[in-house]
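Good morning, and thank you for joining.

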Amino acid sequence: MTEPELYLRPNAMAEPLIDGWYAWAHLIPPATAARNLTQRHLKIMDSYIESPETHASAVKNPQLLGGPFMDFEGNKVQEVRQLRDRTLRERKKLLDLSSAIEKLDQLLREKGTGFSLESLYAEVPNELQGYVELVYDLNNHPSFRVIEPLLYRSEYYEESMQSIMLSEISRDDRPFVLSTPRLDEGEALQLEMPFSSPALDDLFRMKVASMTLSKIREKLNLDEKDAAKLRTFLTTEAPKPYSRYEGDGARWRYFGHACILLETGGVSVLTDPVLSYTYESDISRYTYDDLPPVIDYVLITHNHQDHILFETLLQLRHRIRNIVVPRNGGGSLQDPSLRLVLNQCGFKNVIELAEMEEIRFEKGSVQALPFLGEHGDLNVMTKAAWKLNANGQNLLFAADSCNISPKMYGHIHREIGDVDALFVGMECNGAPMSWIYGPLITQRIERQKDHSRRLAGSDFERAKAIVDQFHCKEVYVYAMGQEPWLNYVMSVKYTEASKPIVESNRLVEYCKSQGIVAERLFGEKEILLPSANAECTVRRGH
Ligand SMILES: [Fe+2]
Ligand SMILES: [Fe+2]
């Protein structure tokens, strides 16, 4: 009998994990991973083991959303203790690397007093010898830069920490990933393989191209028990074929958060890919099933976990022609190179663009524009707003850019001219800087200082200044975490009185009063844009 041809089910969830924790961008580079291991994961695990009740009640408290509390159904002390003990046993090198970073900071604070740093190299902790350069800024503040390419080639980068957990998803709610590890509940399939494994491409290709069980089993190297588990995530039902845009203009579709797919007859571009799986829900949305078989350019705006999602990127890797990221790689601990992270994850096609640099393609171009703020005043270069020109239409994807220096947009406007459509997030509350960067800081930061340095986007006045500067004809504010299927990376719940909602409502009203098309997006949206010569825009909302 011939074996059936099978597809990957549209609700098969594939989570990339690092030792059981959801793989976001700071868990892959060794130095930031080491700091998060000791200063985030071990602390949360210890606290949970000591008092699971505190965590259970904290996750029900809306005031504490996104806090360091594990969100489990039932008591998981035994499982968490196992995870902690295994981590302490197996990740000694990373634990040592983390304390070496702390010691190096201390050394620089004590002895980097403005005199030559050369004599300090001998005192750099052993674990970091040869992996750092000691530097001053021009005000004699000492610091160090990490030589990242060497660290990835060192004993500190262990692919054995990486795995993919395959399970079924049927509803939106997922625990917040920075605080809750993923425990194997028995029904999931653990694929113990590095993220760069080509076998993962074979698996994810099965969303649209069928394969037999024996073939995929062989590629993934599964034993009989795991092959039987894998079978539960496969189906004989073929997905509906994708109908691509074939007009003379362009079509964009909003997939949620900052994720937008733009297609012309010749090119497809996807920004900050963060996709929902396909399952029954009251909120209609585009999902993985609504993507073209080839994506020419993926654009990443910045290195926050709601904008660069490895879970989505790995599943799309085989169909991405180019992935465009803001140039960085200066070696600051808080700013790991995205190109290197992506290279380690098996992406061979990463293009870095520095501020104002551009790539051109047929009837269009992509240009990296400066993106200020939203990073707690830390020196982070991995940020770009993307100006996309497609068939004569100028779209500006500003993401979380905070307009703290409006003159900058004046300078940019002189270069690029007007913008037809602006896409912008307005999370103007913003978490304190330590929410993401706290584990990297080795001395106590005063609460008041921390709370003054927020990961905040533009408010009404700041966003309005962008709209006015570029004479935007259309303005779209992102949903900013209101899409319930993104709770696991966003962890915010707004009411009508929340500042981001109030401020974005004001922006929408302001725009409408000026005759500008404007709305705050939610769930899904489709817009058809005319070709460069046509006169009017045809719209179809959902
Ligand atoms: Fe952000
Ligand atoms: Fe964001």
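The open sheet has four strands in the order E3-E2-E6-E7, paired antiparallel. Strand E3 (21-22) and strand E7 (189-191) are the edge strands, and each has a single partner, so one side of each lacks a neighbour in the sheet. Strand E2, residues 12-18, pairs with strand E6, residues 162-168, in the antiparallel sense over seven bridges; Ala 12 is set opposite Glu 168 in E6. Strands here are DSSP runs of E with at least two residues, and helices are runs of H or I with at least four, numbered from the N terminus; two strands pair if DSSP finds at least two bridges between them.

This is a predicted model, in which local features need pLDDT of at least 70, side-chain atom pairs count only at pLDDT 80 or more, and totals for chains, interfaces and linings use all residues. Residues are numbered from 1 along each chain as its sequence is written, and side-chain values use heavy atoms, without hydrogens and water.

Now to the pockets. A pocket is an open set of points on a 1 Å grid over the protein atoms alone, with protein on both sides within 12 Å along at least five of seven lines; lining residues have an atom within 4 Å of a point. Which residues lie nearest the centre of the largest pocket? They are Glu 73, Arg 171, Asp 173, Arg 174 and Pro 175, out of 44 lining residues. E6 gives the largest share of that lining, three residues.

The second largest pocket has 26 lining residues, with Asp 105, Ser 143, Gln 334, Leu 378 and Gln 443 nearest its centre.

Technical notes. Chains are lettered from A and ligands numbered from 1 in the order in which they are written. On a 1 Å grid over the protein atoms alone, a cavity is a set of points where a 1.4 Å probe fits but cannot get out, and a pocket is an open set with protein on both sides within 12 Å along at least five of seven lines; lining residues have an atom within 4 Å of a point.
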